[in-house]
Amino acid sequence: MQPVTLNGGMRMNSWFDILSLEAGSPEDEPGIKKATETVHQIIDEEVKSGIPSERIILGGFSQGGALALHSALHYPQPLGGVLAFSCWLPLHHNYLSGNLSSVQNKTVPVLQCHGDSDPLIPHKWGQMTADILSKFMPRTTFKTYRGLAHSSCKEEMDDAKAFINNVFNKEDGGERRAGN
């Protein structure tokens with residue numbers, strides 16, 4: 001829970017402050033970096049408990065999807081994949097500048113999903129994110145869902161399930177065991 005500028009400063013569940021939803025507006029870079037560190041600590045704890053980082057898929061919706069993308073790109077160990085729903089790429093100007101020296105996980109598979117009727121995070125932001133990612137992440141897939149607002153749908157969840165199964169089936173050599 002923290003104050004969110006976009007919401008008139010009211011406290012709400014939020015990974016970082018959202019200053020505006022206008023293209024080109026300033027972003028809460030310190031807050032994004034702090035939230036990324038939190039996600040990295042969560043991953044580190046899972047790895048310490050015995051889960052290989054390659055078996056971890058980061059995912060999220062809206063701000064959570066944005067953070068999943070950013071966190072994956074800056075995590076120092078290989079991850080299994082990223083699911084990003086109805087989101088954008090935080091601090092995208094850093095990636096547009098061509099300075100990708102701090103970017104990790106460039107080969108991680110990404111499934112990015114976005115409704116074409118999203119009034120909160122416009123579809124064009126999702127498409128812009130996919131365009132940026134595809135320049136240095138060859139395993140990026142962007143899917144559009146016709147008529148979907150800032151929400152999810154069965155088709156999107158089916159695509160997410162197939163993505164997860166594909167990531168882990170390839171890793172397991174096609175053999176799946178219950179509980180994995």
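Student: What makes strand 4 and strand 5 (residues 110–115) count as paired?

Tutor: In this predicted model, four bridges join strand 4 to strand 5 in the parallel sense. Pairing needs at least two bridges, so these strands qualify. Within this pair, Val82 stands opposite Val110.

Student: Which strand joins strand 4 through five bridges?

Tutor: That is strand 3 (residues 57–61), running parallel to strand 4. Here Phe61 stands opposite Phe85. Together with helix 2 (residues 63–73), strands 3 and 4 make a right-handed β-α-β unit.

Student: How do you know which faces of strand 4 are covered?

Tutor: Gly81, Leu83 and Phe85 lie on one side, Val82 and Ala84 on the other, and all are buried. In a regular strand, side chains alternate between the two faces of the sheet.

Student: Why is the contact of Glu29 with Lys33 called a salt bridge?

Tutor: Their closest N and O atoms are 3.1 Å apart. The cut-off is within 4 Å, so the contact counts as a salt bridge. Glu29 and Lys33 sit four residues apart in helix 1 (residues 29–48), so about one helical turn separates them.

Student: Why is Asp159 called buried?

Tutor: Its relative accessibility is 19%, and buried means under 20%, so Asp159 qualifies.

How values were computed. Residues numbered from 1 in each chain as written. Predicted model: local features only at pLDDT ≥ 70, side-chain atom pairs only at ≥ 80, totals over all residues. Heavy atoms only, no water. Buried < 20%, exposed > 50% of the residue type's maximum accessible area, 1.4 Å probe, protein only. Helix = DSSP H or I, 4+ residues; strand = E, 2+ residues; numbered from the N terminus. Right-handed = clockwise from strand over helix to strand, strands pointing away. Salt bridge = Lys/Arg side-chain N within 4 Å of Asp/Glu carboxyl O.
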